[in-house]
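Colleague: I have just opened this entry and would like a guided tour. Could you take me through it step by step?

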Amino acid sequence: MDIRVRCLRLEPGLVLTMAAPATGTTLPPHVRPPWVPEEVTPSRQSDFVLSRTAVMAAQAIFEVGGLVVADGRRPVFPPGLRGSISHSQGRIGVCLGTDRPEVVAVGVDIERHVRLSIEGLRYVATPAERDWVLADKCPGRTLTGLFAAKEAIYKSVSALASRPPGFLDVELRPAGDRTYRVTWPADLLPAGLTLDATVTCVDDYVVAHAVVRTDRAELMPHRYPPPAKPSGISVSSTGDAFRARRAVLADDRYLGGRYPGRRIYPGAFVLDSVLRSAEAHLGKPLRIEDIPAIALTGILGPGDTLYLDAECADLPDSFQVRAACTDQSGAAVATLTVHFKPSGPAEPGA
Ligand SMILES: CC(C)(COP(=O)(O)OP(=O)(O)OC[C@H]1O[C@@H](n2cnc3c(N)ncnc32)[C@H](O)[C@@H]1OP(=O)(O)O)[C@@H](O)C(=O)NCCC(=O)NCCS
């Protein structure tokens with residue numbers, strides 16, 4: 001089944017990717033892509049596939065390869081990218097990613113609009129928050145936004161806080177344009193951090209994101225050397241179509257450790273191959289604008305070769321590439337439809 005990925009640039013260098021079945025329903029249970037680790041239970045499978053597809057898109061947008069590993073339940077993103085994951089009922093998975101140097105951590109949460117009724121108010125809202133929630137013309141929806149914002153805050157601070165914050169530990173005050181000023185007990189977080197939260201409505205969902213920033217150099221994320229670019233790609237063009245070929249090198253450092261006991265070419269690099277080959281075909285730098293459909297149906301490993309056959313079309317304000325990917329034996333690996341725009345100097349995120 002095809003998965004559609006939407007990319008929302010929330011601010012320069014801060015991108016939300018959202019993956020959902022193209023049909024708008026849940027993924028059929030028998031669809032288990034071969035890259036899903038065995039320990040992912042059937043009940044978690046749709047959430048896992050959708051959220052990791054969103055992660056893959058974020059990694060491709062920021063051109064950061066490498067592993068997303070788990071520290072307990074908390075995902076740890078590879079050097080060069082801070083990120084957070086959320087999913088809802090096997091229907092949608094989202095990833096918030098940033099490469100901004102002053103951002104220490106981010107958190108994201110997605111909830112159905114109808115997630116909370118007003119009865120939940122006293123568990124989620126401080127007395128001051130209750131006042132502005134109840135004053136709103138849709139208090140249930142506003143409470144769901146507050147709940148989602150606090151879940152996003154919880155994720156953003158979970159590696160930094162002295163203890164797990166409770167719902168009534170942090171307090172949000174509306175600051176206009178769906179953003180909130182956040183206050184917290186002095187002993188919760190190291191000094192020198194700021195924290196803001198924003199709630200956005202996307203279709204039937206409330207999406208909240210939280211961003212922890214600092215202007216103190218010693219608190220900024222480590223400056224890692226730029227990630228190595230994935231291995232070379234060759235492209236031959238015929239009119240509006242092109243064919244690309246890319247070897248999966250056995251010594252590629254990104255193959256190791258992604259999934260326990262297996263060396264798998266990351267799906268982000270399949271998407272990256274479409275981007276790089278489209279750039280070579282057009283002769284100019286591009287950025288991913290939208291991913292209307294993506295299906296990762298096979299896996300590549302060390303020594304394999306990725307073949308990509310693509311057709312291009314001009315759209316009113318973007319450029320579409322439809323690509324079918326196979327390995328050297330002709331076995332299907334992926335099909336993708338990706339929309340691109342020319343990349344400016346401030347990309348990604350501008
Ligand atoms: C951990 C928690 C935030 C997850 O939220 P959820 O609504 O159950 O599930 P979501 O789909 O939104 O998020 C799940 C993802 O969160 C991420 N996550 C889990 N624990 C995390 C942590 N401690 N820190 C950061 N991210 C975490 C994981 O990536 C997980 O997805 P995965 O298992 O596929 O990797 C929630 O279960 C929880 O324990 N909340 C604590 C109470 C709270 O939020 N208090 C607010 C205080 S301000």
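Colleague: Which domains does the assignment give for the chain?

Modeller: The model is a predicted one. Its domain assignment lists domain 1 as 3–219 and domain 2 as 233–342.

Colleague: And how many Å apart are the C-alpha centres of the two domains?

Modeller: The C-alpha centres of domain 1 and domain 2 are 28 Å apart. Contact between them involves 19 residues of domain 1 and 25 residues of domain 2.

Colleague: Which elements supply at least two residues each to the side of domain 1 that touches domain 2?

Modeller: Those are strand E1 (3–11) and helix H1 (42–62). H1 provides the largest share of that side, with 6 residues. By class, the side of domain 1 that touches domain 2 has 13 nonpolar, 4 polar and 2 charged residues.

Colleague: Let us turn to the ligand. Which residues come nearest to it?

Modeller: The ligand has 21 residues around it, and the nearest of these are Arg73, Ile85, Ser86, Tyr154 and Ser158.

Colleague: Which elements does that shell draw on?

Modeller: At least two residues each come from H1, strand E4 (74–76), strand E5 (82–88) and helix H4 (139–157). H4 gives the most to the shell, namely 5 residues.

Colleague: How do the residues of the shell divide by class?

Modeller: The shell around the ligand contains 8 nonpolar, 6 polar and 7 charged residues.

Colleague: Now the sheets. In what order do the strands of the 10-stranded one run?

Modeller: The order is E5-E6-E2-E1-E14-E17-E16-E15-E13-E12. This sheet is open, and its pairing is antiparallel.

Colleague: How many bridges join E1 and E2?

Modeller: E1 and strand E2 (residues 14–21) are paired over 8 bridges in the antiparallel sense. Ile3 stands opposite Pro21 in E2.

Colleague: And how do E14 and E17 run, parallel or antiparallel?

Modeller: E14 and E17 run antiparallel and are joined by 8 bridges. Leu286 has Pro342 in E17 as its bridge partner.

Colleague: What do E16 and E17 form?

Modeller: E16 and E17 form a hairpin, with 5 residues between the two strands. In the turn, Gly330 has a positive phi of about 90°. The two strands pair in the antiparallel sense over 8 bridges, and Thr326 stands opposite Ala332 in E17.

Colleague: What is the strand order in the sheet of 5 strands?

Modeller: The order is E7-E11-E10-E9-E8, in an open sheet with antiparallel pairing. Strand E7 (103–112) and strand E8 (171–174) are its edge strands, each pairing on one side only. From one strand to the next, the twist averages 25°.

Colleague: Which residue in E10 is the bridge partner of Arg181?

Modeller: That partner is Asp196. Strand E9 (residues 179–183) and strand E10 (residues 193–202) pair over 3 bridges, in the antiparallel sense.

Colleague: Back to H4. Which strands does H4 lie across?

Modeller: H4 lies across E7, E8, E9, E10 and strand E11 (205–214), and runs at about 145° to E7.

Colleague: At roughly what angle do the axes of H3 and H4 cross?

Modeller: The axes of helix H3 (residues 127–135) and H4 cross at roughly 140° and come within 8 Å. H3 and H4 are therefore oblique to each other.

Colleague: Which residues make that contact?

Modeller: H3 contributes Glu129, Val133 and Leu134, while H4 contributes Pro139, Thr142, Leu143 and Leu146. By class, the contact of H3 with H4 comprises 5 nonpolar, 1 polar and 1 charged residues.

Definitions and conventions:
Residues numbered from 1 in each chain as written. Predicted model: local features only at pLDDT ≥ 70, side-chain atom pairs only at ≥ 80, totals over all residues. Domains from an automatic or database assignment. Contact = placed C-beta atoms within 7 Å. Helix = DSSP H or I, 4+ residues; strand = E, 2+ residues; numbered from the N terminus. Nonpolar A, V, L, I, M, F, W, Y, C, P; charged D, E, K, R; others polar. Near = placed C-beta within 6 Å. Pairing = 2+ DSSP bridges. Axes fitted to C-alpha atoms, helices over the stretch in contact; angles between N-to-C directions. Parallel < 35°, antiparallel > 145°, perpendicular 65-115°, else oblique.
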